[in-house]
Amino acid sequence: MAKKVLIVDDDAYLRDLYEEVLKEAGYEITTAVDGEEGAGKLQAGGFDLTLLDVMMPKLDGLGVLKELQQTPPTTPNGPILLLT
């Protein structure tokens with residue numbers, strides 16, 4: 001079974017680049033275009049790795065982390081890497 005990676009980045013070029021490279025490496029990719037969407041997907045849980053942009057509209061990466069800390073997901077996630 002492929003490892004699941006969540007990419008949360010408002011920059012479409014970077015999001016597509018990360019997605020392409022990781023898919024070629026055999027990972028299952030899910031994307032989110034802003035912090036609010038990313039926080040919702042992380043709340044569902046089950047990701048082996050998350051690539052999280054720090055500077056985004058609506059909710060920045062640090063805000064996403066605060067939401068997760070206040071309301072942990074029901075299914076745990078793996079590490080979260082912050083991208084700056």
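**Entry 1: Arg-15**

I began with Arg-15 in this predicted model, and I noted that Arg-15 is buried and yet takes part in no salt bridge, the nearest side chain of opposite charge being Asp-16 at 4.7 Å. I then placed Arg-15 in helix 1, which runs over residues 12–24. Leaving aside residues up to four places away in sequence, I found that Arg-15 touches Ile-7, Asp-9 and Asp-10, and also Thr-31, Ala-32 and Val-33.

**Entry 2: a patch that includes Val-21**

I next looked up Val-21, which also has its place in helix 1. Together with Tyr-13 and Leu-17, Val-21 forms a nonpolar patch on the surface, and I wrote down about 320 Å² as the accessible area of these residues together. Is Val-21 buried, exposed or partly exposed? Its relative accessible area is 49%, so I recorded Val-21 as partly exposed.

**Entry 3: Asp-34**

I turned to Asp-34, which I located in the loop between strand 2 (28–32) and helix 2 (35–44).

**Entry 4: the whole chain**

Finally I stepped back to the chain, whose secondary structure comes to 3 helices and 4 strands, and which follows the pattern β-α-β-α-β-α-β when I read along the sequence. The radius of gyration is 12 Å, close to the 12 Å that the globule rule gives for 84 residues, so I noted that the chain is as compact as a globular protein of that length. Taken along the principal axes, the C-alpha atoms fill a box of roughly 35 × 25 × 15 Å.

I also recorded that 33% of the 84 residues count as buried, and that the accessible surface of the chain is about 5,000 Å², with 56% of this surface belonging to carbon and sulfur atoms. As for contacts between residues at least 6 apart in sequence, I wrote that 66% of them join residues at least 24 apart.

Technical notes:
Residues are numbered from 1 along each chain as its sequence is written. This is a predicted model: local features need pLDDT of at least 70, side-chain atom pairs count only at pLDDT 80 or more; totals for chains, interfaces and linings use all residues. Side-chain values use heavy atoms; hydrogens and water are left out. Helices (H or I, at least four residues) and strands (E, at least two) are DSSP runs, numbered from the N terminus. Buried means under 20% relative accessible area, exposed over 50%, partly exposed in between (1.4 Å probe, protein chains only). Lys and Arg count as positive and Asp and Glu as negative; His and the chain ends are not counted. A salt bridge is a side-chain nitrogen of Lys or Arg within 4 Å of a carboxyl oxygen of Asp or Glu. Contact means heavy atoms within 4.5 Å. Patches are made of residues with over 30% relative accessible area and no salt bridge: like charges are joined within 9 Å, nonpolar side chains (Val, Leu, Ile, Met, Phe, Trp, Tyr) within 5 Å. Accessible areas come from the Shrake-Rupley method with a 1.4 Å probe; for residues, only the protein chains shown count as cover. The radius of gyration is taken over C-alpha atoms; the globule rule is 2.2 Å times the number of residues to the power 0.38.
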